Amino acid sequence: MIKEELIKNLEDEKIKELSIEDSLSILEELLREIDSEETSLEDSFKLYENGLKLVNHAKNGIDLVEKKLRILNGEE
């Protein structure tokens, strides 16, 4: 993905459809873009905001999987 796609195309509805793995993969791309000297400060903030959304989405997905595993193991 290019920087413009990472900034503009990460609407909340699109993020909700991503798998945990896809969220983490896109997050890696965001971090590379933020670290790039070619990325403006304004774009870095937008990338950072989208990164936070992705982190929260991935965390929620992991929490859900963990809860399902606990149920399957009879812990809940």
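What follows is a chat about helices, the core, salt bridges and the surface, all based on a predicted model.

Me: Let's begin with helix 3. How do you know that its length fits a helix?

Reply: Helix 3 takes in residues 20-35, 16 residues. At 1.5 Å a residue they should span 22 Å, and the end C-alpha atoms are 23 Å apart, which agrees.

Me: What makes the buried residues of helix 3 line one face?

Reply: The residues in question are Ser23, Ile26, Leu27, Glu29 and Leu30. Looking down the axis of helix 3, you find the buried residues within an arc of 165 degrees, so they line one face of the helix. Over on the other side of helix 3, Glu21, Arg32 and Asp35 are exposed.

Me: And helix 4, how does its reach compare with what's expected?

Reply: Helix 4 has 32 residues, and from first C-alpha to last it reaches 46 Å, close to the 46 Å expected at 1.5 Å a residue. Its buried residues include Leu47, Leu54, His57 and Gly61. After helix 4 comes Gly74, with a positive phi near 75 degrees.

Me: Which residues make up the largest nonpolar core?

Reply: There are eight: Ile7, Leu10, Ile15, Ile26, Leu27, Leu30, Leu47 and Leu54. Helix 3 and helix 4 each supply at least two of the core residues. Helix 3 gives the largest share, three residues.

Me: Why would such side chains gather inside?

Reply: In soluble globular proteins, nonpolar side chains tend to be buried together.

Me: On to charges. Why is the contact of Lys16 with Glu13 called a salt bridge?

Reply: The closest N and O atoms of Lys16 and Glu13 are 3.6 Å apart. The cut-off is within 4 Å, so this pair counts as a salt bridge. Lys16 and Glu13 are three residues apart in helix 2 (residues 12-16), and that separates them by about one helical turn.

Me: Is Lys16 buried or exposed?

Reply: Lys16 has 58% relative accessibility, and exposed means over 50%, so Lys16 counts as exposed. Glu13, at 52%, counts as exposed too.

Me: How many salt bridges are there by this rule?

Reply: The count comes to four. One of them joins Asp63 and Lys59, with the closest N and O atoms 2.7 Å apart. Another is where the side chains of Glu66 and Arg70 meet, at 3.0 Å from N to O.

Me: Where do Asp63 and Lys59 lie?

Reply: Both lie in helix 4, four residues apart, about one turn of the helix. Glu66 and Arg70 also lie in helix 4, four residues apart.

Me: What makes Asp63 partly exposed?

Reply: Asp63 has a relative accessible area of 33%. Buried means under 20% and exposed over 50%, so Asp63 falls in between and is partly exposed. Lys59 is partly exposed at 47%, Glu66 at 36% and Arg70 at 35%.

Me: Last one. Which residues form the nonpolar patch on the surface?

Reply: That's Val65, Leu69 and Leu72, with about 310 Å² of accessible area together. Take Leu69, which is found in helix 4 (residues 41-72). Its relative accessible area is 47%. A patch residue needs over 30%, so Leu69 passes that cut-off.

Note on methods. Residues numbered from 1 in each chain as written. Predicted model: local features only at pLDDT ≥ 70, side-chain atom pairs only at ≥ 80, totals over all residues. Heavy atoms only, no water. Expected span 1.5 Å × (residues − 1). Buried < 20%, exposed > 50% of the residue type's maximum accessible area, 1.4 Å probe, protein only. Arc of directions from axis to C-beta. Patch = residues over 30% accessible without salt bridge, like charges linked within 9 Å, V, L, I, M, F, W, Y side chains within 5 Å. Areas by Shrake-Rupley, 256 points an atom, 1.4 Å probe, with all protein chains shown as cover. Core = buried A, V, L, I, M, F, W, Y, C linked by side-chain atoms within 4.5 Å.
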